[in-house]
Amino acid sequence: MSHLAPYPVGALATRMLREFDTRQEIFDLPARRFVLGDARHDLSVRLHGHTAATPFGPAAGPHTQLAQNIVLSWLAGGRFIELKTVQVIDHLTLPRPCIDMQTLGFNVEWSQELTLEQSLEEYVKAAMLIRILEASGRLALAPGFGRTVFDMSVGYDLAGIRSERVQAFIRGMMDATPVIERLRRQLPAELGALRDLDFPTRLSDSLTLSTFHGCPPNEIEAMVEHLMREHGLACVVKLNPTLLGAAEVRRLLNDVLGYTELRIPDAAFEKDATWAQASAFMDRLDGLARSLGLGLGVKFCNTLIVENHRDFFPASERVMYLSGPPLHVLAMQLVRRFRGAFGDRLPISFSAGIARANFPDAVALGLVPVTACTDLLKAGGYWRGFGYFEELAQRMDAVGATTIDEFIVRAYGAGGPTDPSAARLRNTELYVERVAADPAYHAAANRKLPRKIGRKLVFFDCLACDKCIPLCPNDANFTVRMPSTPELPLKVAKQLVHFADFCNDCGNCDVFCLEDGGPYLLKPRLFVDRERWLADAPRDAVLIEPDATTGRFGGEVVCVAAGQGGGDDPRARALQGLREALLDPAEVNHVSEYLRVHVPG
Ligand code: SF4
Ligand code: SF4
C-alpha cells in the first residue's frame with residue numbers, strides 16, 4: 001500500500017508561484033477555475049466570532065489532509081477549511097481502495113493517515129502557503145475575499161482526546177509559532193520578502209467533534225465539555241443520520257428514495273444517540289457554552305453505515321459509509337427537526353450530498369458552513385467549486401440579493417419574513433418539503449456508472465483526457481509534455497504520470513479513467529526518494545534522483561545515469577525520455593521542484 005509523504009514547504013511554495021507564472025495554474029488547477037470573488041456579491045458569513053469570505057468549504061476528509069489539498073480547496077472558493085480529523089491512533093493500516101464514487105459515494109476510510117505531528121505541520125504549511133499566495137499579489141482577489149477559517153476536527157473518544165499528543169496537536173493549532181518559525185527557515189531565498197511575512201499563529205480556535213458510529217451520548221457530551229473547559233474552543237458536534245430513528249431512515253432511504261439495495265444493520269441504531277438524548281445534551285452544552293462565552297453548533301451529518309453489498313471494497317469490510325444524494329435528504333430532515341426543537345438558536349454546519357444545484361439552497365437555509373466532499377471526488381474534482389459559485393451568483397442575481405442575508409430573505413420568493421432568522425426557519429420548511437420529492441435524489445437518477453472504453457492503460461499513451469488530475473484529492477496525477485522521437489515513439493504529446501508520494505491508493509482515479517487498470521497503478525509511478533522507492537517494491541516504479549533515473553519493471557531494475565542515452569534497451573530509453581521531459585527547464589512539476597529546491601545539486 002502507498003503511504004502519503006508530505007512535500008517540503010519550500011518546494012511547495014516555489015512550485016505554486018512558478019507554476020502560476022509559467023502556466024497560469026496552481027497544483028494543476030487552472031486559474032480560470034479559481035474562485036476569487038467579485039465586487040457585486042458579498043458572500044461573507046460569521047461563525048463563532050470569525051468572518052469567512054464564503055460559507056463554502058471542503059469537508060474534513062481527503063481534501064484537507066495534505067497542504068496542497070487545502071490550498072486547492074481554498075482556490076476552489078473554500079473559506080471554511082474543515083481539517084481532516086485527527087486522533088491518537090495514527091498508525092493505522094486502512095483498507096484499499098477506500099473510496100467508491102461509481103454511483104452514490106461510499107467509503108471505508110475514516111481516519112487520518114499522517115501522524116498527529118505531520119498533520120499539524122501540513123495544516124500550518126497550508127496556512128502559510130495561502131498567506132504567501134495572497135501576499136504575492138498574483139491573485140485578483142476581491143476585497144476581503146481572502147478571509148478564511150480553519151476548523152479542527154478531532155476524534156474519537158475521550159481518552160484519545162485527553163492524551164498528551166492530541167492535546168499537543170490542539171495547542172499547536174492554537175499557537176503555531178514554533179512550527180511556523182521552523183518552516184519559515186525552509187523557505188528558499190528566491191521567495192524574497194515572502195519568507196518574512198507575518199504568518200497567522202492562531203490557526204484555529206474552533207473544533208468539530210467527530211465520533212465513531214455508536215459513540216455513547218454521555219461520551220460525546222464529556223468530550224465537548226473537555227474541549228470547551230480545557231482548551232476554550234468553540235465546538236460543533238457532528239451527529240449521525242441514525243438520529244432520525246430506524247423506521248424513518250429506512251422509510252426515506254428504501255421506500256421514498258427507492259434505494260432498496262441499501263441495508264442498514266440494526267446495530268447501527270442500537271448504540272447511537274437517540275433524538276431525545278442528543279437534544280438533551282445539546283441543550284445542556286448550550287448552557288455550558290453560554291456560561292463560558294464560547295460558540296456551540298451542530299453539524300449534519302456524519303455518513304450512514306450500510307452493509308457492504310458491492311464488490312468494490314475488500315470483502316473483509318462488512319460495512320461501508322454512505323454519502324452523496326440520499327444522505328442529503330436524510331441530513332435535511334435532521335436540519336428541519338433540529339430547527340423545530342431549537343429554532344434558530346444554534347448554528348448548523350452542513351455536509352451531505354452538496355453539489356452545484358443544491359449549494360445555493362443550503363446557503364439560503366443559513367447553514368454555515370456548507371461543506372462538500374463526495375461531489376469534489378467526482379469527475380471535475382476541485383474544478384467543481386467554481387460551478388457552485390456560478391450557481392450561487394445566478395440565484396442571488398435572480399432575486400437581486402448582494403449579501404447572504406439578503407439572499408436568505410429573498411431566495412424563496414417575496415412575501416415571507418424580512419428578518420433573516422425567521423427566513424432561515426421558513427426556508428428550511430419549504431426546502432425540506434421539496435427535496436425528498438426531487439427525482440435527482442432518487443435511486444433511478446443515481447445508478448449510472450462512469451463510462452469505460454474497454455482498453456487497458458499502459459505505461460505511455462492514453463486518451464490524455466486529464467480526468468484523473470483534478471479528481472485526485474492529493475494532486476498525485478499530472479501531465480508532462482513528451483515529444484515523440486524515433487528512439488521513443490509516442491502517440492500523444494502529453495503523458496499522464498503519477499507522483500507516488502501523494503498517492504494513498506484510494507482508487508478514485510481508477511473509477512473515472514476511461515481506460516482500465518487504474519492510472520495510479522499502470523502509469524509511470526514516480527518517486528524522488530530512494531528509501532520510499534525501495535519500500536514500494538515489488539510494484540513497478542521510477543526513481544528520479546539528481547544523478548540517475550532508475551526503473552523497476554516486473555521486478556527487474558534498470559538504471560540510466562543522467563545525461564546518458566538510453567541505448568538499445570527500450571526501458572532505458574523510456575526512463576531517459578521521462579527524465580528529460582520532467583526536468584526540462586520550461587517544466588514546473590512535482591519532480592522538478594523537489595529536485596531543484598529540496599535537493600539542489
Ligand atoms: S492518484 Fe488515484 S488512487 Fe492515488 S490518491 Fe489520487 S485518486 Fe487516489
Ligand atoms: S490515465 Fe485515464 S483518466 Fe488519466 S488522462 Fe489517461 S485516459 Fe484520462
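**Helices, a ligand and cavities**

In this predicted model, helix α2 passes helix α3 in a right-handed crossing.

Visitor: At what angle do α2 and α3 pack, and is their arrangement parallel or oblique?
Guide: Helix α2 covers residues 67-75 and helix α3 covers residues 116-135, and their axes lie 8 Å apart. The angle at which these two helices pack is about 45 degrees. Angles under 35 degrees count as roughly parallel and 65 to 115 as roughly perpendicular, and α2 and α3 are therefore oblique.

Visitor: How is α1 oriented relative to α3?
Guide: Helix α1, made of residues 9-23, packs with α3 at an angle of about 30 degrees, and the axes of the two are 11 Å apart. Because angles under 35 degrees count as such, α1 is, relative to α3, roughly parallel.

Visitor: Is the crossing of α1 and α3 left-handed or right-handed?
Guide: The helices in question pack with their axes 11 Å apart. The crossing that α1 and α3 form is right-handed.

Visitor: Which residues are the closest to ligand 1?
Guide: Ligand 1 is surrounded by 13 residues, and by class this shell holds 6 nonpolar, 6 polar and 1 charged. The closest of the surrounding residues are Cys472, Cys503, Cys506, Gly507 and Cys509.

Visitor: Which residues lie closest to the centre of the largest cavity?
Guide: The structure contains 8 cavities of 30 Å³ or more, and the largest cavity has a volume of about 120 Å³. Its lining consists of 14 residues, with 10 nonpolar, no polar and 4 charged residues. Those closest to the centre of the largest cavity are Cys462, Cys465, Cys468, Leu496 and Cys513.

Conventions:
Residues are numbered from 1 along each chain as its sequence is written. Chains are lettered from A and ligands numbered from 1 in the order in which they are written. This is a predicted model: local features need pLDDT of at least 70, side-chain atom pairs count only at pLDDT 80 or more; totals for chains, interfaces and linings use all residues. Side-chain values use heavy atoms; hydrogens and water are left out. A residue is near a molecule or strand if one of its heavy atoms lies within 4 Å of it. Ala, Val, Leu, Ile, Met, Phe, Trp, Tyr, Cys and Pro count as nonpolar, Asp, Glu, Lys and Arg as charged, and the others, Gly among them, as polar. On a 1 Å grid over the protein atoms alone, a cavity is a set of points where a 1.4 Å probe fits but cannot get out, and a pocket is an open set with protein on both sides within 12 Å along at least five of seven lines; lining residues have an atom within 4 Å of a point. Grid points are joined across faces, edges and corners, and a volume is the space filled by probe spheres set on the points. Axes are lines fitted to C-alpha atoms, for helices over the stretch in contact, and angles run from 0 to 180 degrees between N-to-C directions. Helices (H or I, at least four residues) and strands (E, at least two) are DSSP runs, numbered from the N terminus. Angles under 35 degrees count as roughly parallel, over 145 as roughly antiparallel, 65 to 115 as roughly perpendicular and the rest as oblique. A crossing is left-handed if the near helix is turned anticlockwise from the far one by less than a right angle, and right-handed if clockwise.
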